[in-house]
Amino acid sequence: MTIEQPASRTQATQQLSGIPFHPRPETGWINDPNGLIQHHGRYHVFFQYSPASAEWGSIHWGHQSSDDLQHWEGHPIALAPDEAYDRDGCWSGCAVATDDGDVIAFYTGVRQTAEQQWDQTICAARSAGPLDSWTKLASNPLVSPPSGPDLVGFRDPFVWQTATGWSMIVGSGVRGQGGCIFRYDSNDLHTWQYSGVFLAEVDVPEAEAWLGTMWECPQLVKTDGGDALVISIHDEHRLLHTMALVGTEEGGRFVVSKASMLDCGHDYYAPAVMRDSDGRWLSWGWSPEARSADEKAGARWSGLLTAPRQLTVDRDRQLLVQRLPRELRDRAAGEVSASRAIPDDGSAVAIPLPAQPALVRLALAGGRSSQVLVRLGDDGNATSLSLAWDRYGHVLIVDREPSAQAVRGAVSVPVDSTEDLELLLLIDDSIVELFTGEGRTATERVYGAASTIHFAAIGGPAELTTLEY
Ligand code: FRU
């Protein structure tokens, strides 16, 4: 059937003026990015969307698109929970282009069976036109969970084309054993054969962080420099963090060589990936709110997608590196401050920031200091985000207190170099996305505008080598 668009859904088509980097609808709740695809040159991003309120609820697929990765346009809702097999939600999934030019979206159809319990199956919908109208397949659901293991979930299909047909991976976890991913294969995208376990926790060598009890939103990245599997770590209805497992996809399974945090911040989850016509792997993640339920209700919206990130497997096939794509990176082009000494006498170098959204690039040389401190705030003492580069601890400590609630405490971003630190900060209203020159990221929701950036050193002077925006 074709999904009609009732009048109330026009809210999803509103233009997003003023929110250039971070796609979200004007009102309602959003979580994971879904169905990323470049179609007739435009980048299409779908997302988990609950239009009725700023809380997670009856999940639809919202839809926005862009031709420059910066300005986003709204589209009608793509998928709504309106069939017996998805009556309680169209949860996460992906989209692929078929050989005849149509697009098929694979998603998780859910039916609630008890408090916090959902039957989950893999379903699909097809679009023949400009992706504004979708027909759910008559053969839905296409895939049900394998019988046998006691699963804690079965969701979030990711589909890719292989030399002989199509493969799909689905996120899951086996009670008492940990996260796992199942694999299916198909010749026609409609009939899927179960091909076994793609990866189970027992096969992941020492990981940089806990691997939880279920893996959500598995995404496979196949670059010239190596493969990576991105998973979002779930435990008993808690969404924890996101891991990048670098390794090799071979013989229907994934062999992990290194398991690292994908983003070190508090507010990043469920990233999805796509390959564009330039061969770039791009990803968007979901950045949940870090403010109270009352503040969310007052704002009438909750959650946004991060800016796109370009992914490469780098550094001896150890790390899934994240960088801003050139379209965004090039915006920080004008030198504002050339080479300034950063004193260690308790005073600070203060430089005004531009209006937001702002992209700020800075480079620091450690000099004789042991730590370099960077603080975003106002002209006085108010701080919205502070950074401490602990050079010999090989770490950048990122602290957003007191400018956000939710999970408290600082996070740390590994930094290999003891000599130099390059940082790119994308500061946009209530979010800061931090990229290190080494390809690590931290995403933090920060409520409170920053008008000034301050630099100070401890243990000896350091140097601000460049500041551009
Ligand atoms: C991740 C997730 C997915 C699920 C969706 C439901 O945030 O829990 O596993 O499909 O959100 O909205």
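How do the residues of the lining of the second largest pocket divide into nonpolar, polar and charged? They divide into 15 nonpolar, seven polar and three charged, where Ala, Val, Leu, Ile, Met, Phe, Trp, Tyr, Cys and Pro count as nonpolar, Asp, Glu, Lys and Arg as charged, and the others, Gly among them, as polar.

This is a predicted model, in which local features need pLDDT of at least 70 and side-chain atom pairs count only at pLDDT 80 or more, while totals for chains, interfaces and linings use all residues. Residues are numbered from 1 along each chain as its sequence is written, and side-chain values use heavy atoms, with hydrogens and water left out.

A pocket is an open set of points on a 1 Å grid over the protein atoms alone, where a 1.4 Å probe fits, with protein on both sides within 12 Å along at least five of seven lines, and its lining residues have an atom within 4 Å of a point. A volume is the space filled by probe spheres set on the points, which are joined across faces, edges and corners.

| Pocket | Volume | Lining division |
|---|---|---|
| Largest | about 1400 Å³ | 22 nonpolar, 15 polar, 13 charged |

Of the 50 residues that line the largest pocket, Glu216, His234, His237, Arg238 and Leu239 are the closest to its centre. Strand S9 (151-161) is one of the strands that each supply at least two residues of this lining, strands being DSSP runs (E, at least two residues) numbered from the N terminus, and the largest share, six residues, comes from S9. Among the 25 residues lining the second largest pocket, Ile37, Ala95, Val96, Met274 and Arg275 lie nearest its centre.

How values were computed. Helices (H or I, at least four residues) and strands (E, at least two) are DSSP runs, numbered from the N terminus.
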